[in-house]
Amino acid sequence: MTRMSPEQRGDLAERMLPEAANLAVLVHGDGGPEDVAQVLAGLDATEKDALIVVLAGLVDPDQPVGKALGWLDHDEHGSLTVPASWSEQRSVRDLVPEPDADLDDDFVDQVVVSNFVRGFRVDTVTDAEFLEAVKQCVARGLALGDIDHLRGWPRRTTENWVNRLRKQWKRSGREFPSLAQPGSRTFTEAEVVAIRERSAGGASDREIALSFNVTRETIRSIVRGQRYAQYGGPIRAARSKQPSQASRDYMCGHGAGSVAARPASFQASNAVLTPQERFEVRQRTENGEPVQELASEYKVSRATIQRYAA
C-alpha cells in the first residue's frame, strides 16, 4: 500500500470494509476456520494489508480488554471462558508493545514548537519537539485536553502521547519532566496571608505572581478569597460591574471635564481615554481585572483597553 496514492488507499479500504464485516460476523459465531480461510484466500497481499487496517479501525483501543472480548462464551457462573488475564480492566491500548525508542536525538526545532503552541500547521513533530511544546502549553495554563482542541486532534491524543513518552523515559532511566500547571501548586497559610497583605499594600498581581512562579490568575483568585477562603489576610473586594458614579458623570456630560462637554473636534480626533484614565486602565489590568469589564465601565471598546493595558 505504500506506493498507492492516498485516494487509492482510501478506495481500497472502503472496498475491504464489507470483507472486514464478514470476518467479524464469522469469528463471532456465524462461521468457522474454513470460512475465514476461504475469505482470506480470495484476497491478494495488498488487499489483506488493507483488511488488517480496516479491522483494527473497528476496535476501540480505549475500551477494557474484557469488554472487547465480551462477546465470547461464558460459563454457567457468568465468567468469560478465556484466560483470566484477558478479563482485566486494562484497555486494549495498554496491551500494545512499546517499541524501543531512540532517545538520543533531543534536538528541538523552536520554530516547530512555536507554531505548535500557537495552533499553526505543523507537518511533522518529533517526540522531543512535542514534549517541549506540551510543556510550554501547560505553562500557559492549558490542560492536555485543551491541547487536543488547539491542534484539532481526537480526544486524549495528547494524553496518550505523553503517557507513551513517560514509559519510554522510565525504561531508559531518565526522569520525565513535570507537566504540572504553574497554578496547581499549593500554598501554606503564611504564604496566603503574605500574598494578600502584599496585594493590599499596592503590589500588582503580576509582581506577586512572578515572585511565586505562578500565573497572575492564581494570585487574583487568592487575593479575592476564591482560593484558601479558610485563611486570613485582607480580601480584595470584587469590583462592581456597574460603572462608578464618577465614570458615568465623566461619560454622560454631568461635569465640565466630561467627554460630552468637550468640543466635537476633540472627540473626533483624540483618544477616548484621558491620561489619568489610561494610567488607571494600565494599573487595573496589571492587577488582573478583565478587559471586558473595564471596557464596559469606561464605555470604550476592548481594543481601546488593550491598547493601554499593561
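Which backbone atom does the side chain of Ser-204 reach, and at what distance?

Author: A caution comes before the answer: this is a predicted model. The side chain of Ser-204 reaches the backbone nitrogen of Glu-207, at 3.1 Å.

Now the location. Ser-204 sits in a loop. That loop runs between α9 (189-200) and α10 (205-212). The relative accessible area of Ser-204 is 6%. Buried means under 20%, so Ser-204 counts as buried. Set aside the neighbours within four places in sequence, and Ser-204 is in contact with Glu-286 and Asn-287.

Next, the chain as a whole. It has 16 helices and 0 strands. It holds 310 residues, and 28% of them count as buried.

Helix α6 covers residues 127-139, and helix α8 covers residues 157-171. Their axes come within 11 Å and cross at roughly 115°. The crossing of α6 past α8 is left-handed. From α6, the residues in contact are Asp-127, Phe-130, Leu-131 and Val-134. From α8, they are Thr-158, Trp-161, Val-162, Arg-164, Leu-165, Gln-168 and Trp-169. By type, the residues of this contact divide into 7 nonpolar, 2 polar and 2 charged.

Stay with α6. It has 13 residues, and at 1.5 Å a residue it should span 18 Å. The end C-alpha atoms of α6 are 18 Å apart, so expectation and model agree. The buried residues of α6 are Glu-129, Phe-130, Leu-131, Ala-133, Val-134, Cys-137 and Val-138. These buried residues pack against α5 (110-117), α7 (144-151) and α8.

Leu-40 lies in helix α2, residues 33-41, whereas Ser-204 lies in a loop. Leu-40 is partly exposed, with a relative accessible area of 31%, whereas Ser-204 is buried at 6%. Leaving aside neighbours within four places in sequence, Leu-40 is in contact with Leu-23, Lys-48 and Leu-51. Leu-40 and Glu-19 are 21 residues apart in sequence. In space, they are 9.1 Å apart, C-alpha to C-alpha.

Back to your residue. Ser-204 is a buried loop residue. Its side chain reaches the backbone nitrogen of Glu-207, and Ser-204 is also in contact with Glu-286 and Asn-287.

How values were computed. Residues numbered from 1 in each chain as written. Predicted model: local features only at pLDDT ≥ 70, side-chain atom pairs only at ≥ 80, totals over all residues. Heavy atoms only, no water. Axes fitted to C-alpha atoms, helices over the stretch in contact; angles between N-to-C directions. Helix = DSSP H or I, 4+ residues; strand = E, 2+ residues; numbered from the N terminus. Left-handed = near helix turned anticlockwise from the far one by under 90°. Contact = heavy atoms within 4.5 Å. Nonpolar A, V, L, I, M, F, W, Y, C, P; charged D, E, K, R; others polar. Expected span 1.5 Å × (residues − 1). Buried < 20%, exposed > 50% of the residue type's maximum accessible area, 1.4 Å probe, protein only. Polar contact = N/O pair within 3.5 Å; in protein donor to acceptor, adjacent residues only side chain to side chain.
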